[in-house]
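User: Can you walk me through this one? I'd like the sheets, the helix packing and the chain contact.

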Amino acid sequence: MRRETLTGSRIRERRLINGQKQADLARKAGISASYLNLIEHNRRRIGGKLLLDIASALGVEPMSLSEGAEAALLGALREVAAMHPVEQSELERVEEFAGRFPGWANLIETLAQRQSSLEQTVVSLTDRMTHDPQLAEALHDMLGAVTAIRSTSSILVETDKLEPEWQDRFHRNLNEDATRLTEGSQALVAYLNDETSEHQQVTTPQDEIEAFFQRHGYHFALLENGGSDTQAHDAIESMLESADDLLVSASAGAQVKRLLIRYWSDAQAFGFDVMLDEVSNVGLEPALIAAKYNLDIGLVMRRFASVPGDLLRPLLQNSPYDIAEAGIGLAVCDSSGTLTMRKPLPRFALPRFGAACPLWSLYQALSRPLVALRERSQLSGRDGAPFETLAFAAPVSAPQFGAVPLLEAHMLMIPLSASGAAQNMEPLRPIGISCRICPRGECIGRREPSILAGGV
Amino acid sequence: MNKHVLLVEDEPNIIEAVSFLLSRDGWSVSTHSNGHDAADVIRAKQPDVLVLDVMLPGRSGFDILEDIRSEGACKDVPVLMLTARGQTKDRERAERLGATRFMTKPFSNAEIIETLHELSGP
């Protein structure tokens with residue numbers, strides 16, 4: 001690797017530190033000032049005796065002018081150029097490029113490193129899926145058990161007058177295979193979990209944000225106690241610093257910061273104790289409470305979602321709700337339908353990738369701004385849980401003539417108890433999580449096939 | 001005389017269920033559960049139809065299929081291959097090696113009976 005590069009910048013830096021004029025240094029080194037100017041701007045290569053003379057004139061070791069991180073940078077740029085061929089004439093000017101645009105050069109190196117890292121991850125995950133013998137073995141074993149169960153159970157159901165000894169034998173086989181299937185699936189989950197922690201699975205900024213909020217239970221006592229802007233800022237910075245294991249990407253850190261600032265602002269506008277009193281008095285009625293305190297309905301909905309389940313449950317004892325430890329779920333989206341804030345519940349997951357179910361009242365709210373929607377729904381699936389959803393969309397900015405406002409929609413997901421779900425004679429409206437994992441066969445909202453049987 | 005089907009499969013409960021099913025459907029059923037000597041057993045038994053699992057202990061179903069298709073008494077026996085992996089490349093490989101039909105686990109009882117009837121002919 002050539003090391004004479006970017007030396008010009010170092011010469012110039014050292015000369016300025018010494019307080020020497022360009023003309024003086026040029027004279028001492030025996031070259032013209034204009035030639036030194038070209039060297040200092042990395043337009044001319046330098047080495048040999050001239051480098052020794054300039055180093056001597058500057059009073060530094062020659063090595064200090066010609067070694068360092070720049071050499072590594074240039075090496076990296078040449079490697080990138082080798083992978084993505086560039087014009088030879090431009091490749092020869094890589095040193096000049098790095099010298100004149102060090103920020104861009106570093107950016108190219110960083111992006112190349114990132115690309116390489118992602119490619120390695122893709123290769124490793126693909127390899128794992130296709131060649132991992134343990135995974136293949138586990139899946140083969142489980143499918144074997146499923147095949148035996150399916151065949152045996154069909155015989156038991158469809159065969160008239162099956163002899164008792166065959167019945168006993170097939171029941172025993174069913175029990176064996178069900179046990180094997182259970183153990184196999186548990187082992188598979190454990191294996192995949194181990195792999196996840198070992199290999200630091202690919203995560204999106206959204207995953208990082210969700211992990212951060214889950215660690216705090218979506219409730220931030222430090223931001224509930226009022227205090228000055230400075231105190232809130234310090235508390236947020238402290239929380240971000242202590243979460244550097246979760247918030248790896250800059251994007252996730254920035255988004256969490258924005259959400260925490262909003263949380264603090266919401267808490268300032270609608271205090272925690274006041275909120276609990278109102279919920280105790282009128283129940284989960286964001287529109288009523290927002291009107292009473294002159295607040296945005298969306299703000300009140302976000303505040304509801306911040307209450308831990310064990311504090312909310314006693315306040316809603318005679319309600320149709322079945323509040324668990326996680327409290328109330330929340331989904332917030334922008335005008336494009338993209339989820340910008342997510343608080344999933346154990347029985348109401350939110351899609352990690354792709355779009356959600358178009359039947360959610362969250363999306364109906366977007367088409368009916370400023371209309372408060374209350375709906376009783378049931379998630380698709382064998383044990384689809386009943387929920388009440390409250391949805392509301394409002395402009396995010398003040399109206400202006402000639403400008404179409406951008407909207408933000410909120411949806412609360414409140415789990416219903418079995419008796420609560422049966423209270424109303426109207427059937428629960430069927431909804432899903434996303435098409436990919438929805439088993440419902442015929443659905444007007446389906447936009448892609450499901451990976452589950454029936455959902456085509 | 002009943003048609004003879006040989007089931008080469010290593011899952012004992014699948015063997016038991018499918019054997020019961022096919023016996024009740026009028027087949028004469030024999031079974032084998034080891035890949036090592038499966039080709040010899042197939043040639044010795046000369047079934048009317050062979051049901052061959054892909055993943056067997058000792059030797060893969062693909063190797064066994066290639067073996068019996070290469071020479072001997074069972075060069076032309078109809079073969080139904082079973083696999084737990086429904087990948088296209090597995091299906092293509094089975095077809096290339098001479099499998100008559102290919103079925104992915106889990107299959108239904110009706111499916112396997114219907115397929116064997118088709119393979120055994122009138």
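Analyst: A definition to start: two strands pair if DSSP finds at least two bridges between them. Helices (H or I, at least four residues) and strands (E, at least two) are DSSP runs, numbered from the N terminus. This is a predicted model: local features need pLDDT of at least 70, side-chain atom pairs count only at pLDDT 80 or more, and totals for chains, interfaces and linings use all residues. Residues are numbered from 1 along each chain as its sequence is written, with chains lettered from A and ligands numbered from 1 in the order in which they are written.

User: OK. In β2(A), what is the bridge partner of A:Cys333?

Analyst: A:Leu339. Strand β1 (residues 329-334) of chain A is joined to β2(A) by four bridges, and the two run antiparallel.

User: And what order do the strands of that open sheet in chain A have?

Analyst: β2-β1-β5-β4-β3-β6, six strands with mixed pairing. β2 (339-343) and β6 (429-431) of chain A are the edges, each pairing on one side only. From one strand to the next, the twist averages 30°.

User: Switch to chain B. What is the pairing in its open sheet of five strands, parallel or mixed?

Analyst: Parallel, in the order β2-β1-β3-β4-β5. Its edge strands are β2 (28-32) and β5 (101-104) of chain B. Five bridges join β1 (residues 4-8) of chain B to β2(B). B:Val5 stands opposite B:Val29 there.

User: Which strands does helix α5 of chain B lie across?

Analyst: Helix α5 (residues 109-120) lies across β1, β3 (49-53), β4 (79-83) and β5 of chain B, at about 175° to β5(B). Axes are lines fitted to C-alpha atoms, for helices over the stretch in contact; angles run from 0 to 180 degrees between N-to-C directions.

User: Back to chain A. At what angle do α16 and α17 cross?

Analyst: Roughly 120°, with the axes of α16 (residues 286-293) and α17 (residues 297-305) of chain A coming within 8 Å. So α16(A) is oblique to α17(A). Angles under 35 degrees count as roughly parallel, over 145 as roughly antiparallel, 65 to 115 as roughly perpendicular and the rest as oblique.

User: Which residues of α17(A) make the contact?

Analyst: A:Ile297, A:Val300, A:Met301 and A:Phe304, against A:Pro286, A:Ala287, A:Ile289 and A:Ala290 of α16(A). In contact means C-beta atoms, placed from the backbone, within 7 Å.

User: Last one. How many residues does each chain give to the contact between chains B and A?

Analyst: Chain B gives 15 and chain A gives 16. Helix α1 (residues 12-24) of chain B supplies the largest share of its side, seven residues. The model scores ipTM 0.89 and pTM 0.52.

How values were computed: Contact = placed C-beta atoms within 7 Å.
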